[in-house]
Amino acid sequence: MSQRTRTLPEVEPILLTPRRDPFDHPDWIFEPKYDGFRAVLYVTRRGCYMRSKRGNALRRFDHLCLWVREELYVREAILDGEVVALDSQGRQNFRDLLTGRGNLHYAAFAALWVNGRDLRDLPLERRKRALGKLIWATSTVLSRVFTIEERGRDLFAAAQRIDLEGIVAKRKANPYAPGITCWYKIKNPAYTHGEGRWELFQRPP
């Protein structure tokens, strides 16, 4: 095992569970579903790297990783988030992400480890506050995913109006515990960029 992979623990991401209908609840928060590649970001004193939700190294995003590291004033951290490609209007475009066009951007939604402290056992609310201290402003390469409390139906309606993939629902009191904590994915059935998605992965290189 290399030195860089011994520096921080390997994180197993929480996978999303499909749910058909949006809902409102005071114990839950809701986020827009970003359309990109899920990526756990590891920042160390030696460098920075990303891994997919299956634990594979995302070497194609090494340059983005280094740019993001410059934005984080921290010795070491583990974040969970999504790599997306943005067009000139700031809109996400998955086809651009696959073909290497657009501006690469990392949208973080979870802080899991900061300067030697493991945050995964903390409630989501406290982890969100820690993330806010790390990423307090949006830049061209880094941002925090927008979060709203209780009003899942309103956020889902907004996602439909602006043609987003959908929303994600998370219980505020839960730790970051794969296999125990459930995050719901509620997809927008009218999402236009979802059309022909399977064919994109069938084309020869």
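How many helices and strands does the chain have? I counted six helices and eleven strands, where helices (H or I, at least four residues) and strands (E, at least two) are DSSP runs, numbered from the N terminus.

Before going on, I noted that this is a predicted model, in which local features need pLDDT of at least 70 and side-chain atom pairs count only at pLDDT 80 or more, while totals for chains, interfaces and linings use all residues. Residues are numbered from 1 along each chain as its sequence is written, and side-chain values use heavy atoms, with hydrogens and water left out.

**Entry: the whole chain**

I looked up the radius of gyration, which is taken over C-alpha atoms and compared with a globule rule of 2.2 Å times the number of residues to the power 0.38. For 205 residues a compact globule would come near 17 Å, and the chain, at 17 Å, agrees with that. The C-alpha trace spans about 45 × 45 × 30 Å along its principal axes. Of the 205 residues, 50% count as buried; buried means under 20% relative accessible area, exposed over 50%, and partly exposed in between (1.4 Å probe, protein chains only). I then turned to contacts, meaning heavy atoms within 4.5 Å, and found that, among those between residues at least 6 apart in sequence, 73% join residues at least 24 apart.

**Entry: helix H5**

Which residues of helix H5 are buried? In H5, residues 152–161, I found Gly152, Leu155, Phe156 and Ala159 to be buried. They cover an arc of only 100° around the axis, which puts them on the same side of H5; the arc is that of the directions from the helix axis to the C-beta atoms. I recalled that an α-helix has 3.6 residues a turn, so residues three or four places apart point the same way. The cover over the buried residues of H5 includes strand S2 (24–32), strand S9 (148–151), strand S10 (166–171) and strand S11 (183–187). After H5 comes aspartate 163, whose phi is positive, near 60°.

**Entry: salt bridges**

Side chains of opposite charge can pair when their charged atoms come close. Taking a salt bridge as a side-chain nitrogen of Lys or Arg within 4 Å of a carboxyl oxygen of Asp or Glu, I found 13 of them in the whole structure.

Aspartate 24 is partly exposed at 37% relative accessibility, and arginine 153 is partly exposed at 45%.

**Entry: alanine 57**

Last, I found alanine 57 in the loop between strand S4 (48–51) and helix H2 (62–71). Alanine 57 is partly exposed, with a relative accessible area of 41%. Leaving aside neighbours within four places in sequence, alanine 57 is in contact with Met50 and Arg51.
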